[in-house]
Amino acid sequence: MNETRRVLIAADKFKGSLTAVQVAERVTAGLRRVVPDLTVEALPVADGGDGTVDAAVAAGFERREVRVAGPLGQEVTAAFALRDGTAVVEMAEASGLQRLPAGVFAPLTASTYGSGELLRAALDAGARTIVFGVGGSATTDGGAGMLSALGARFLNEDGDPVTPGGGGLAELARADLSGLDPRLSSVELVLASDVDNPLTGPKGAPAVYGPQKGASPDEVDALDAALAHLAKVLEAEVGPRAAEYAASPGAGAAGGIGFGALLLGARFRPGIEVMLDVLGFAPALERATLVITGEGSLDEQTLHGKAPAGVAAVARAAGKVVVAVCGRLALSPEALVRAGIEQAYPLTSVEPDVARCIADAGPILERVAVRIAEDYLG
């Protein structure tokens, strides 16, 4: 029976402990302790947030690095991935929270300018399709910084550029998109996100995600008003579609950079769906008899567009058995089955001490994988 078994590991990172590549390596090692000659295919996955470029590189894309502006204007080295005319660009590489100094937040001034520079680098590299993964941002500027890097101008009453960040948009008097890079019109731009929030309002970017970026209640209100003002000013430039885009699902992704991407003609798709297409999941799934997915925490959020739920949905539709690995399990067996996951194996099932699970995630995950092999491959 073992000769015909082929395992596909399609797991996301364990945030703060293991990258998606490391998860696949550890699970493979544990499985092969039980079945030494087991055929294992690793396809690390991501849902558009941080780790998306790494997943693409692990799937065979070429890693490209470029110097761009970080969220506070400091220069950083950011990466994107390229293969056969398709670029995978991760906004967190340029404008993510991890680009801020430890303990520093800048909800009013953090800018997406570097994300625009990353998109421009992908155009320079000859990309004809750009998958723009958004998530993990430090910013709430409605994508104004990104658009500025691509040639747009956002001016105050004196005709000077407004200051960077969402806060500066309160002084916006005029937006000029005529200078946008003309190459954008001939490129397929896909907005990949697991967030379907609109730009503003109770479910908008500032209200829902502003506090995670250090915004006080007053700053949340100021940012919401500033983004609403941005959309209003853009109506004068592009007409009623500005208001339509502001209300569209995904506009509020990554501090409103989704709104900016929609203005560029992007098509919004759930991040995990896009990434499974780009990474070549379908042919890998066809070859597999058992699929192992997972992420650091399997919880309610997992069920709303996160990578394991996306993997399980597609695999279940193909009639495959799916199990999951995780650091922490907060879903009932019934919820797992509804998501298409037959069984989940948290690290705490072999090591009850949570602190040790975090510190020694790799070796413990190998022991978890031994259990999966004994249960499914014995």
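**Chat: a helix, a lysine and some pairs**

Trainee: What follows α9, and is the phi there positive or negative?
Mentor: Gly265 follows α9, and the phi of Gly265 is positive, near 95°. Helices here are DSSP runs of H or I with at least four residues, strands are E runs of at least two, and both are numbered from the N terminus. Keep in mind that this is a predicted model: local features need pLDDT of at least 70 and side-chain atom pairs count only at pLDDT 80 or more, while totals for chains, interfaces and linings use all residues. Residues are numbered from 1 along each chain as its sequence is written, and side-chain values use heavy atoms, with hydrogens and water left out.

Trainee: Is α9 itself buried or exposed?
Mentor: Buried: 11 of the 11 residues in α9 (residues 253-263) are, so the rest of the structure largely encloses this helix. Buried means under 20% relative accessible area, exposed means over 50%, and partly exposed is in between, with a 1.4 Å probe and protein chains only. Among the buried residues of α9 are Ala254, Gly255, Ile257, Phe259 and Leu262.

Trainee: Which residues does Lys213 contact?
Mentor: Setting aside neighbours within four places in sequence, Lys213 is in contact (heavy atoms within 4.5 Å) with residues including Ala254 and Gly255, as well as Phe105, Pro107 and Thr139. Lys213 itself is in the loop between α6 (205-209) and α7 (217-238).

Trainee: What does the Lys213 side chain make a polar contact with?
Mentor: The side chain of Ser137, at 2.7 Å. A polar contact is a pair of N or O atoms within 3.5 Å; within protein, one must be able to donate a hydrogen and the other to accept it, and residues adjacent in sequence count only if both atoms are side-chain atoms.

Trainee: Switching to Glu41: where is that one?
Mentor: In strand β2 (residues 39-42). Glu41 counts as buried at 17% relative accessibility. The Glu41 side chain makes polar contacts with the side chains of Arg287 (2.6 Å) and Arg6 (3.4 Å).

Trainee: How many salt bridges are there by the rule?
Mentor: The count is 24. One of them pairs Arg67 with Glu75, with the closest N and O atoms 3.2 Å apart. Glu75 is exposed at 54%, while Arg67 is partly exposed at 46%.

Trainee: Which strands hold Arg153 and Asp176?
Mentor: Their side chains meet in a salt bridge (3.4 Å, N to O). Arg153 is in β7 (residues 153-155) and Asp176 in β8 (residues 174-176), so the pair ties together parts 23 residues apart in sequence. Asp176 is buried at 15%, and Arg153 is partly exposed at 40%. There is also a network of salt bridges with shared partners, joining Asp12, Lys13, Lys15 and Asp50.

Trainee: Last one: how many disulfides are there?
Mentor: The search of the whole structure finds 0 disulfides, a disulfide being two cysteine sulfur atoms within 2.5 Å. The closest cysteine sulfur to that of Cys326 is in Cys357, 9.9 Å away, so that is too far for a bond. Cys326 is buried at 0% relative accessible area, and Cys357 is buried at 6%.

Technical notes
Salt bridge = Lys/Arg side-chain N within 4 Å of Asp/Glu carboxyl O.
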